[in-house]
Amino acid sequence: MEEIDVAIVGGGPSGLQAAISLARKGHSPIVFEEHPIIGQPIQCGEGISLNALEEFDLVKKSKSFVVREYENCKIYFPSNDVIMGDIHSYTINRDIFDQHLAKEAQRAGAEVKLSSKINGAYKKNESIIIKTTSEKKQEYKCEMLILAEGPQGRLASNLGFSPPSPLISAFEYRVEGEWGDTLEFYFDKEKYPFGYCWIFPKKGETNVGIVTTAKERKTRLDRFLEEKKITGKKIKMVGGQIPMNGPSNKLYDKQIMLVGDAAGMVNPIFYGGIRLAMLSGKIAGEVAATNLERKENEFSYSCKEYESKLKKYEFMKKVNLKCHNSFYGFSNKSLSKIGTIFNNKYINRIEKLEKLEIFWKILKNPSISRKIKDLYYMYRGFKIARDWGF
Ligand SMILES: Cc1cc2nc3c(=O)[nH]c(=O)nc-3n(C[C@H](O)[C@H](O)[C@H](O)COP(=O)(O)OP(=O)(O)OC[C@H]3O[C@@H](n4cnc5c(N)ncnc54)[C@H](O)[C@@H]3O)c2cc1C
């Protein structure tokens, strides 16, 4: 049985970023990825914010994976009113983005094993044994394990963690042609409960998708395409699941850390997860490195620091779930009124005078003013989403 210091299961942004931060501290983690090509199949709208790229020093290196750049986004309400979001963002080729991270990890000294599905994991004495049937060496004994396996959390369940719950389903077409000139989000409680439709133009093609708790997602998305007169040829269909309620309660034990979607690290308003996946991966990698260094002197592991470091961030706060509940709790009637009040305004750039004008409009609308608390949480949720990417 091969012995390794840190095994990382999953070669998405969370696992690869964990590998990068461990390898940059002089360690040699192994990333196990079940697919033969990193980043494929793509299950993503491929939207990312400038903040995210800046945080990981990726702006200068972004030429290979960035497709288009946007200064803002548009958030549509059922009344067809639009709220502007001043979020500097990009559409990317997500497979190339993930492959870039894999190369960075390898360059720093990590190993990335492709076509290596981990089928089981159990604890034995002070180690964790992981099993694969994909190669000759069937078992690895590891000191620490980082679970970056995405939203299903199968290994996490084996090891006594709860997989992120609930999950929401997303479905997307890649459509020929460039439809629209910025990132667009369409909210409608009746058509897309607990979610929205999106239009993210790339070059020569556009990602058009839906995320919702409603069934018949494909039918609803087809209807959306009809309404928006998006007639381009459908080149590809992708679907996937996303944790809906934000970070899980239990994120670590003595030698194991959950990162990215496996830990529910997703913004519960727009359901974007790339940035939080990378951030949680980075912190987990650093904490694993500290543990390995500490082990030289005393044999004791602790990943408590992973949680305490994460807890400093706004997105970890339970208030985000309140924002989610408030925003997705609004009826279409309320959403339309909110849309009309904020129509054409940049939600994060409202001047003092405008604030007074908005406040007056809210007061004149008893059905909205009765929900002022929900409106506050919605505003706060949008702000956090803006700061953290979608
Ligand atoms: C349709 C859709 C659209 C989205 N659009 C956006 C968007 O525009 N912007 C955004 O920020 N977020 C978006 N998200 C969310 C985002 O894609 C995820 O939050 C992000 O990929 C999480 O990264 P991760 O590394 O945690 O997990 P993943 O990217 O899911 O990576 C997990 C990896 O683990 C591998 N794996 C799983 N189990 C095993 C195993 N047992 N052994 C070996 N390998 C294993 C998988 O093959 C996979 O490569 C979208 C999600 C979906 C489904």
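Colleague: Where is Glu46 found?

Modeller: Glu46 is found in the loop between β2 and β3. Please bear in mind throughout that this is a predicted model.

Colleague: Where are cis peptide bonds to be found?

Modeller: Pro41 belongs to the loop between β2 (30–32) and β3 (47–49). Another cis bond joins Ser165 and Pro166, where omega is about -5 degrees. Pro166 is in the loop between α4 (154–158) and β12 (167–176).

Colleague: Let us turn to a strand residue. In which strand does Thr91 lie, and what does its side chain reach?

Modeller: Thr91 is part of strand β7, residues 89–92. With 0% relative accessibility, Thr91 counts as buried. Its side chain reaches the backbone oxygen of Pro201 at 3.1 Å. Beyond four places in sequence, the contacts of Thr91 include Glu46, Phe65, Tyr70, Leu183 and Pro201.

Colleague: Which side chain does Lys191 meet in a polar contact?

Modeller: The partner is the side chain of Glu227, at 3.1 Å. Lys191 is found in the loop between β13 (183–187) and β14 (196–201), and at 33% relative accessibility Lys191 counts as partly exposed. Leaving out residues up to four places away in sequence, Lys191 touches Arg220 and Glu227. From C-alpha to C-alpha, Lys191 and Arg223 are 9.7 Å apart, with a separation of 32 residues in sequence.

Colleague: Which residues come nearest to the ligand?

Modeller: There are 32 residues around the ligand, and Ser14, Glu33, Gly45, Arg94 and Asp261 come nearest. A polar side-chain atom of Ser14 is 2.7 Å from an oxygen atom of the ligand. For Arg94, an N or O atom of the side chain is 2.8 Å from a ligand oxygen atom. Asp261 places a polar side-chain atom 2.7 Å from an oxygen atom of the ligand.

Colleague: How much of the ligand does the protein bury?

Modeller: The protein buries 88% of the 1,000 Å² that the ligand exposes when taken alone. The elements that give two or more residues to the shell are α1 (13–24), β16 (234–243) and α6 (274–295). By class, the shell has 11 nonpolar, 14 polar and 7 charged residues.

Colleague: Which domains does the assignment give, and which of them supply at least three residues each to the shell?

Modeller: The assignment gives domain 1 (2–46 + 93–164 + 246–316), domain 2 (167–243) and domain 3 (319–388). The shell around the ligand draws at least three residues from each of domain 1 and domain 2. As for domain 2 and domain 3, their C-alpha centres lie 24 Å apart, and 7 residues of domain 2 are in contact with 7 residues of domain 3.

Key: Residues are numbered from 1 along each chain as its sequence is written. This is a predicted model: local features need pLDDT of at least 70, side-chain atom pairs count only at pLDDT 80 or more; totals for chains, interfaces and linings use all residues. Side-chain values use heavy atoms; hydrogens and water are left out. Helices (H or I, at least four residues) and strands (E, at least two) are DSSP runs, numbered from the N terminus. Buried means under 20% relative accessible area, exposed over 50%, partly exposed in between (1.4 Å probe, protein chains only). A polar contact is a pair of N or O atoms within 3.5 Å; within protein, one must be able to donate a hydrogen and the other to accept it, and residues adjacent in sequence count only if both atoms are side-chain atoms. Contact means heavy atoms within 4.5 Å. A residue is near a molecule or strand if one of its heavy atoms lies within 4 Å of it. Accessible areas come from the Shrake-Rupley method with a 1.4 Å probe; for residues, only the protein chains shown count as cover. Ala, Val, Leu, Ile, Met, Phe, Trp, Tyr, Cys and Pro count as nonpolar, Asp, Glu, Lys and Arg as charged, and the others, Gly among them, as polar. Domain bounds come from an automatic or database domain assignment.
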